[in-house]
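Dear colleague,

Please find below the structure that I am handing over to you.

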Amino acid sequence: MNAEAAPELDRALRALADGNRRAILAAIRTSPKPVGTIAEEVGLSQQTTSHHLGVLRKAGLSVGTREGTRHLFAVDTDGLAAVREYLDDFWPSKLSALKAAVEAGEAGRG
């Protein structure tokens, strides 16, 4: 990971560390929704939901759009890219270790 992406990753991971924010992301995963609907789905007040949406927006994980007089919120999948890139770096070494363990087990049986 390059140094330029580190602050973006840190903001995203801090935002994702809160269970309420993860619940909000799950609520807006499939379609944009207004704050009131999100708040009802996650069991928070509109004020608290708005606060968490602001944190998610600053972390690049959600985006707000206007549709007439309604302000709708949706997941910003581009914001999840830094997190995914960071986590993806773990898989090649783990898969190599798994492959070696399986091969060692097969060699022991043969």
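**Overall architecture**

Read along the sequence, the elements of the protein follow the pattern α-α-β-α-α-β-β-α-α. That pattern comprises 6 helices and 3 strands; both are DSSP runs numbered from the N terminus, with at least four residues (H or I) for a helix and at least two (E) for a strand. The radius of gyration is 19 Å, well over the 13 Å that the globule rule gives for 110 residues, so the protein is more spread out than a compact globule. Here the radius is taken over C-alpha atoms, and the globule rule is 2.2 Å times the number of residues to the power 0.38. Along the principal axes, the C-alpha atoms fill a box of roughly 70 × 30 × 20 Å.

Please note that this is a predicted model, in which local features need pLDDT of at least 70 and side-chain atom pairs count only at pLDDT 80 or more, while totals for chains, interfaces and linings use all residues. Residues are numbered from 1 along each chain as its sequence is written, and side-chain values use heavy atoms, with hydrogens and water left out.

**Surface, burial and charge**

Of the 110 residues, 25% are buried. Buried means under 20% relative accessible area, exposed means over 50%, and partly exposed lies in between, with a 1.4 Å probe and protein chains only. The accessible surface comes to about 7300 Å², and 53% of it belongs to carbon and sulfur atoms; the areas come from the Shrake-Rupley method with a 1.4 Å probe, and for residues only the protein chains shown count as cover.

The protein carries 14 positive and 14 negative side chains, and the centres of the two sets lie 5 Å apart. Lys and Arg count as positive and Asp and Glu as negative, whereas His and the chain ends are not counted. Each charge is placed at NZ of Lys, CZ of Arg, CG of Asp or CD of Glu.

Among contacts between residues at least 6 apart in sequence, 51% join residues at least 24 apart; a contact means heavy atoms within 4.5 Å.

**The sheet**

The 3 strands form an open sheet in the order S1-S3-S2, with antiparallel pairing. S1 (33-34) and S2 are the edge strands, each pairing on one side only. Two strands are taken to pair if DSSP finds at least two bridges between them.

Strand S2 (residues 62-67) is joined to strand S3 (residues 70-75) by 6 bridges. Within this pair, valine 63 has alanine 74 as its bridge partner, and arginine 66 stands opposite histidine 71. The hairpin of S2 and S3 has 2 residues between the strands, and glycine 68 takes a positive phi near 70° there.

Serine 31 and proline 32 both lie in the loop between helix H2 (19-27) and S1. Serine 31 is partly exposed, with a relative accessible area of 30%. The C-alpha atoms of serine 31 and phenylalanine 73 are separated by 8.4 Å, although these residues are 42 apart along the chain.

Proline 32 is also partly exposed, at 45% relative accessibility. Leaving aside neighbours within four places in sequence, proline 32 is in contact with Leu72, Phe73 and Ala74. Proline 32 and valine 75, 43 residues apart in sequence, are 7.8 Å apart from C-alpha to C-alpha.

**Two helix residues**

Threonine 49 is located in helix H4 (residues 46-58). The residue counts as buried because its relative accessible area is 0%. Not counting residues up to four places away in sequence, threonine 49 touches Ile24, Val35, Ile38, Ala39, Val42 and Leu44.

Glutamate 106 is found in helix H6 (residues 91-109). With a relative accessible area of 47%, glutamate 106 is partly exposed. Its C-alpha atom is separated by 44 Å from that of proline 7, which is 99 residues away along the chain.
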